[in-house]
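Please look over the chain shown below before reading on. The report that follows takes up its overall form, then its fold, and then one place on its surface.

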Amino acid sequence: MKTLIVYAHPEPKSLNGSLKDLAVSTLESAGHEVRVSDLYAMNWKAVVDAADYGPHASSPLRVVLDSGRAFEAGTIVPDVRAEQEKLLWADTIIFQFPLWWYTMPAILKGWVDRVFTYRFAYGVGEHSDTKYGERFGEGTLAGRKALLSVTIGGPEAHYAARGINGPIDDLLFPIHHGILYYPGIKALPPFVLYGADRISDEDYPDVAKSWEQRLLTLESTEPIAFRPQNFGDYEIPSLHLKEGLEAPGRTGFGLHVRG
């Protein structure tokens with residue numbers, strides 16, 4: 001297994017840093033190849049601008065079209081191209097980050113914004129009366145799996161179905177479905193650590209054991225069963241789920257998960 005770890009935390013000695021290091025050692029000890037994109041250590045530029053697209057940047061800037069032209073011409077900036085090549089190399093991606101303000105840190109969102117360019121991660125495939133591009137289960141990154149390893153300060157009860165913060169599956173849906181599944185990556189059920197700010201040195205061995213177990217079962221873990229776009233569940237071009245396919249009483253984000 002070839003694994004890319006995309007790591008986003010400013011403190012190397014943090015819990016996130018320890019989980020990243022443990023992932024590297026555990027997977028390498030099991031015979032897997034591992035590469036790490038440590039975004040803070042890389043001083044990753046988190047904002048899209050015209051400099052990303054060089055001679056293919058228009059005025060006014062058109063991020064979608066300009067990024068696609070630069071990608072196809074091979075003139076996308078080197079740091080972005082290097083991350084795209086890592087994604088093409090990997091068959092598994094682990095995203096290690098803390099949940100900040102209900103989402104990923106800005107530097108990681110900026111990695112997505114810059115790396116998932118038009119004609120690479122989206123805007124590919126046939127658009128017709130029966131197919132609406134290759135996305136949501138198809139696309140450039142199809143065949144890969146991803147795992148979100150997320151630390152959360154609050155207790156688990158706050159992220160339950162009736163918890164004040166909303167269900168964790170709903171909070172992570174925009175990442176699982178909108179960032180990962182859109183270009184074809186299958187999202188695995190996340191590894192979530194609640195009460196992260198209160199985990200002590202005495203607690204860490206149990207955390208580490210749970211994390212090692214998840215890492216060593218990545219290849220056998222079933223992904224979240226999101227519905228593919230082009231295989232009969234959705235009307236095209238409206239992309240509305242066909243009536244009667246949902247489980248009784250299911251609404252919201254859960255409509256887009258089979259079973």
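## Overall form

In this predicted model, the chain has a radius of gyration of 19 Å, which agrees with the value near 18 Å that a compact globule of 259 residues would have. Along its principal axes, the C-alpha trace spans about 55 × 50 × 35 Å.

Of the 259 residues, 47% count as buried, while the chain as a whole exposes about 12,700 Å², of which carbon and sulfur atoms supply 53%. Among the contacts with a separation of 6 or more, 74% are made by residues 24 or more positions apart.

## Fold and annotation

The chain has six helices and six strands, and, read from the N terminus, these elements follow the order β-α-β-α-α-β-α-β-α-β-β-α.

An unreviewed UniProt entry lists residues 1–215 under "domain: Flavodoxin-like fold". In the model, this span of residues 1–215 is 34% helix and 14% strand, and its end C-alpha atoms lie 11 Å apart.

## A nonpolar patch on the surface

Which residues form a nonpolar patch on the surface? The patch is formed by Trp100, Trp101 and Tyr102, which together have about 430 Å² of accessible area.

Tyr102 is placed in the loop between β3 (92–98) and α4 (106–115). Because its relative accessible area is 41%, Tyr102 counts as partly exposed, a class that lies between buried, under 20%, and exposed, over 50%.

Terms used. Residues numbered from 1 in each chain as written. Predicted model: local features only at pLDDT ≥ 70, side-chain atom pairs only at ≥ 80, totals over all residues. Heavy atoms only, no water. UniProt positions renumbered as here; feature names shortened; annotations may be inferred. Helix = DSSP H or I, 4+ residues; strand = E, 2+ residues; numbered from the N terminus. Patch = residues over 30% accessible without salt bridge, like charges linked within 9 Å, V, L, I, M, F, W, Y side chains within 5 Å. Areas by Shrake-Rupley, 256 points an atom, 1.4 Å probe, with all protein chains shown as cover. Salt bridge = Lys/Arg side-chain N within 4 Å of Asp/Glu carboxyl O. Buried < 20%, exposed > 50% of the residue type's maximum accessible area, 1.4 Å probe, protein only. Rg over C-alpha atoms; globule rule 2.2 N^0.38 Å. Contact = heavy atoms within 4.5 Å.
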